[in-house]
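Hello,

Here is the structure I promised to pass on to you. Have a look at it first, and then read my notes below.

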Amino acid sequence: MYPIVLLSLLGIVVLFLGFSKSKHVLLPATLLFILLAFVSGFTDWGKGEILYFFDMLRVNNLTIALGAITMISAFMIVAMTGGFQDEEEAEPAEYFTLMLFSLVGALMMIGFEHMIMLFLGVEILSIAMYVLAGTEKRNLRSNEAALKYFLMGAFASGIMLFGMALLYGATGSFKMEGLKAYALVNAVGTHSYLFYSGLILLLVGMLFKVSAAPFHFWTPDVYEGAPTIFTTFMATVVKTAGIAAIFRLLSEAFAGIHAYWWISLAAVTVLTLLIGNITAVYQRSFKRMMAYSSISHAGYLLIALTALTEKSGLAVLFYLLAYAMATIMAFGVMILVSKVQPLREDGQPEESFEMFNGLAVKNPLLAFVMTVSMLSLAGIPLTAGFWGKFLIFSTAVERGMVWLLVIAVLMSVVGLFYYFRVIIASYLREGETGKIRVAPFYKIVLIGATIVLLVFGLAPGLLESVL
């Protein structure tokens, strides 16, 4: 609760700081505000279940941990902006404010106890991201990304809201407890088509937010067209909030009718895995590959939600942490490398895999960071990504969904191809990438994320011991 209040107020403060003559204060102020919100979130740690805002927001250790991942991700991404000092037309005050407000929406999605709180969180997060996706006004791809994201996001929000209305019509409640009580009665009694229609529409709206197939069509174009720093924000903070919201919906409100919805979600999971991994193989643009990679990782996360066992919460939490760190590292290196690439005819830097050719020759640190990132995303041992997939797959085994596990493992093998393309380009291809200057704080972020992946890869039990 405290991070939501703090970030809401401090976001307004950042907006007014934009009127100051010196804009150099914006970056440290934003980082400080995120850090304060992060620390304040742990004031309720270990106190059990607590309800705030007229029982519309729930706080417990799991929601605090999920919220911490979003705030850590946001802190690292903001730190990599450099205050947007290299961009003449950038408006850092507006950018930082929108990022803080979107973080508020993410925290509301993670901790909601009332459907209205969930909808407000989705809209606060989404509207901020619609604007950020189109901040490069002279870039046609950025304009296209913002328009596609807005139009498809608006339809998804409408579908989700319609689902909430149907659920209210069937249950007479917007609260999770009311939905749970109705679901438990229907698990052994009569069935309401109004209730199940509402649940399906609600899930459709939420699956759009996490780029699950067949609601993924916006993802590659938006990821490619949006400025890379905001693409990173979408791929980490937005996905973490979306997955957390779906998990809480299914585990806390609809677990009693698991037998009625798991087949539909399993079909979405398989389709997401197939489309995400197979389509990523054919991509020539690194950003589009990462977009389809994001789709595939949504599929892996949906395995834990489809199985929905007692270990699903830990599996989702661990996987989201590993995925967020690896994604931030990958895009962080890409941002640095793209700055020294020749411009294409449309005035934008090269974003193909060839941009990493020979990276290890003069930039061994960046090549190592990218390598660890790709290995973790691929699920290679000694990285956190391996244990994330192990925990996810173990939930499927526990539920007896061996067939789903087989598909996921096969798709993981396919993923090795496109992740290793980046590693091969960095170490085995000849290129003309010169020495890249990395700001000290930027370097700390990349090294810190790398250490997290390696530490949790070597000692995966650390996270479980904390929880």
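**Around helix α9**

The buried residues of α9 are covered by elements that include α6, α8 (193-209), α10 (228-253) and α12. Before going on, please note that this is a predicted model, in which local features need pLDDT of at least 70, side-chain atom pairs count only at pLDDT 80 or more, and totals for chains, interfaces and linings use all residues. Residues are numbered from 1 along each chain as its sequence is written, and side-chain values use heavy atoms, with hydrogens and water left out.

Helices (H or I, at least four residues) and strands (E, at least two) are DSSP runs, numbered from the N terminus. Buried means under 20% relative accessible area, exposed over 50%, and partly exposed in between (1.4 Å probe, protein chains only). Contact means heavy atoms within 4.5 Å.

Back to α9: 7 of its 8 residues are buried, so the helix is largely enclosed by the rest of the structure. The buried ones are Trp 218, Thr 219, Pro 220, Val 222, Tyr 223, Glu 224 and Gly 225.

**Salt bridges**

How many salt bridges does a search of the whole structure find? There are 11, where a salt bridge is a side-chain nitrogen of Lys or Arg within 4 Å of a carboxyl oxygen of Asp or Glu.

Two of the pairs involve α9. In one, the side chains of Asp 221 and Lys 148 meet at 2.5 Å, N to O. This pair links distant parts of the chain, with Asp 221 in α9 (residues 218-225) and Lys 148 in α6 (residues 140-171), 73 residues apart. Asp 221 is partly exposed at 22% relative accessibility, and Lys 148 is partly exposed at 28%.

In the other, Arg 288 and Glu 224 form a salt bridge at 2.9 Å, N to O. Arg 288 belongs to helix α12 (residues 286-307) and Glu 224 to α9, so this pair ties together parts that are 64 residues apart in sequence. Arg 288 and Glu 224 are both buried.

Asp 44 and Lys 47 also form a salt bridge, and their closest N and O atoms are 3.8 Å apart. Asp 44 is buried, with a relative accessible area of 3%, whereas Lys 47 is exposed, at 53%. Elsewhere, a network of salt bridges links Glu 49, Arg 58, Glu 113, Glu 177, Arg 248 and Glu 252.

**Two helix pairs**

For the helix pairs, axes are lines fitted to C-alpha atoms, for helices over the stretch in contact, and angles run from 0 to 180 degrees between N-to-C directions. Angles under 35 degrees count as roughly parallel, over 145 as roughly antiparallel, 65 to 115 as roughly perpendicular and the rest as oblique. A crossing is left-handed if the near helix is turned anticlockwise from the far one by less than a right angle, and right-handed if clockwise.

The axes of α4 (residues 92-111) and α10 come within 7 Å, crossing at roughly 15°. That makes α4 roughly parallel to α10, and their crossing is left-handed. Among the residues that make the contact are Leu 103 and Ala 106 of α4, and Val 237 and Arg 248 of α10. By class, the residues of this contact divide into 12 nonpolar, 3 polar and 1 charged; Ala, Val, Leu, Ile, Met, Phe, Trp, Tyr, Cys and Pro count as nonpolar, Asp, Glu, Lys and Arg as charged, and the others, Gly among them, as polar.

Is Val 237 buried or exposed? It counts as buried, at 0% relative accessibility. Leaving aside neighbours within four places in sequence, Val 237 is in contact with Thr 70, Ser 73, Ala 74, Leu 103 and Ala 106. Val 237 and Ala 106 are 131 residues apart in sequence, yet 7.1 Å apart in space, C-alpha to C-alpha.

The axes of α15 (residues 364-378) and α17 (residues 402-428) come within 9 Å and cross at roughly 165°. The two helices are therefore roughly antiparallel to each other, and this crossing is left-handed. Their contact includes Phe 368 and Met 374 of α15, together with Tyr 419 and Phe 420 of α17. It has 13 nonpolar, 2 polar and no charged residues.

Best wishes
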